[in-house]
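Hi,

Here is the structure I promised to pass on.

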Amino acid sequence: MTATDFQRTPNGAVLMDGNRLRDTRVGMLAGRLLQAGSPSICLATVLVGDDAPSRVYVSMKHRKAVEAGLVSRGLELPSEATQDEVESAVRSLARDPQVHGILVQLPLPGHLDTERILALIPAEKDVDGLTERSLGRLVRGLPGHAPCTPLGVMRLIEHYHVATQGARAVVVGRSTLVGLPQVLLLGRKGIDATVTLAHSRTSNLAEVCRSADILIAAVGQAGLITAECVKPGATVIDVGVSRSEHGLVGDVDFDAVEPVAGAITPMPGGTGPMTIACLLENTVAAAVMQGVDVPLV
Ligand code: NAP
């Protein structure tokens, strides 16, 4: 697809359609697996409690995993499950040679020690890329799984031909889930953006954001990024999700920013679907690391 084929917003910005790209990539994965003789590759999820959004996210992950040709195994524990019970569930998945990728759906109920639970996932099965070993590998540039949301952002950037070499990128939000790994991915050799990390203590946030050729908002504050935060022609990627009376909304005030931006993600339908696509790609990569033969094309 060339840049001229991309769908545009009413004022001409490229609409970075995550649903469409997810479907393309899931279709490509399905094709790859079929060509490889449909090996049994299993993604296992662990869901603790009845948090409604978590349940929706997990069921969506399963649906897309099956579409890609993966085996999807869902383990559910009640919200009062003890630390020992959750740990023993994760340990048994970690030992199981039929399971290639493990995802513990976060957030876990407050009485559980998330770090201790995540630490039980072997790095090669850590398809969410959130354990200290995976993040350490990312920092050191070693083979491993990058966290799915920032990886999904990179896929959007690549697919929509956003120039990164020498570009100035600003990432708003410094969590280990999104902001920090995003900075690492954008600053990698070959991507070569010059990256600024902004957070709640950044002074003159609008001015900092306005310096960006690529602006990525991962905060969780509806409408934080207004038109005055955006350099004309910049690429604006919205990771934030907040619930409002109008449904799910992002960090970016889409209607105000779209006339200024050169490219922009919709919300919903931008970064969320790409998180799932990257989870499935990480699962296939995990299986390859564990000896399953899946050719690249
Ligand atoms: P988080 O751990 O709460 O981190 C939020 C970050 O935003 C923090 O670093 C915080 O700064 C910063 N921040 C808060 N208020 C700010 C402000 N007024 N100005 C600038 N920075 C501010 O959240 P997270 O886990 O990274 O998630 C961020 C958002 O992404 C959430 O809405 C989450 O739901 C969404 N999300 C979406 C996807 C997806 O697939 N699209 C996936 C994961 C998460 P301090 O560090 O200084 O407190």
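Let me start with a serine: the Ser242 side chain reaches the backbone oxygen of Gly220, at 3.3 Å. Bear in mind as you read on that this is a predicted model. Ser242 sits in strand 9, which covers residues 242–244. Is Ser242 buried or exposed? Its relative accessible area is 11%, so it counts as buried, the cut-off being under 20%. Leaving out residues up to four places away in sequence, Ser242 touches Gly220, Gln221 and Ala222, and also Gly247, Leu248 and Val249.

Now the ligand. There are 21 residues around it, and Arg174, Ser175, Ser200, Val241 and Thr275 come nearest.

- Arg174 has a polar side-chain atom 2.7 Å from an oxygen atom of the ligand.
- Thr275 also uses its side chain, with an N or O atom 2.7 Å from a ligand oxygen.
- Val239 uses its backbone instead: an N or O atom there lies 3.3 Å from a nitrogen atom of the ligand.

Next, helix 7, residues 179–187. Its buried residues are Gly179, Pro181, Gln182, Leu185 and Leu186. They cover an arc of only 160° around the axis, which is why they end up on the same side of helix 7. As a reminder, an α-helix has 3.6 residues a turn, so residues three or four places apart point the same way. What do the buried residues of helix 7 pack against? Their partners are helix 5 (132–140) and helix 6 (148–159), plus strand 5 (168–172), strand 6 (194–198) and strand 7 (214–217).

Leu186 turns up again in the largest nonpolar core. That core has 48 residues, and Leu70, Ile157, Leu186 and Leu280 touch the most other members. Several elements each supply at least two of its residues, among them helix 1 (18–35), helix 2 (52–68) and helix 7. Helix 10 gives the most, with 8 residues. Both domain 1 (38–125) and domain 2 (148–273) put at least three residues into this core.

Setting aside neighbours within four places in sequence, Ile157 is in contact with Met16, Val162, Thr164, Leu186, Ile214 and Ile237. There is also a second, separate core of 20 residues, including Val46, Val48, Leu93 and Ile121.

Cheers

Technical notes: Residues are numbered from 1 along each chain as its sequence is written. This is a predicted model: local features need pLDDT of at least 70, side-chain atom pairs count only at pLDDT 80 or more; totals for chains, interfaces and linings use all residues. Side-chain values use heavy atoms; hydrogens and water are left out. Buried means under 20% relative accessible area, exposed over 50%, partly exposed in between (1.4 Å probe, protein chains only). Helices (H or I, at least four residues) and strands (E, at least two) are DSSP runs, numbered from the N terminus. The arc is that of the directions from the helix axis to the C-beta atoms. Contact means heavy atoms within 4.5 Å. A nonpolar core is a set of buried Ala, Val, Leu, Ile, Met, Phe, Trp, Tyr and Cys residues joined through side-chain atoms within 4.5 Å. Domain bounds come from an automatic or database domain assignment. A residue is near a molecule or strand if one of its heavy atoms lies within 4 Å of it. A polar contact is a pair of N or O atoms within 3.5 Å; within protein, one must be able to donate a hydrogen and the other to accept it, and residues adjacent in sequence count only if both atoms are side-chain atoms.
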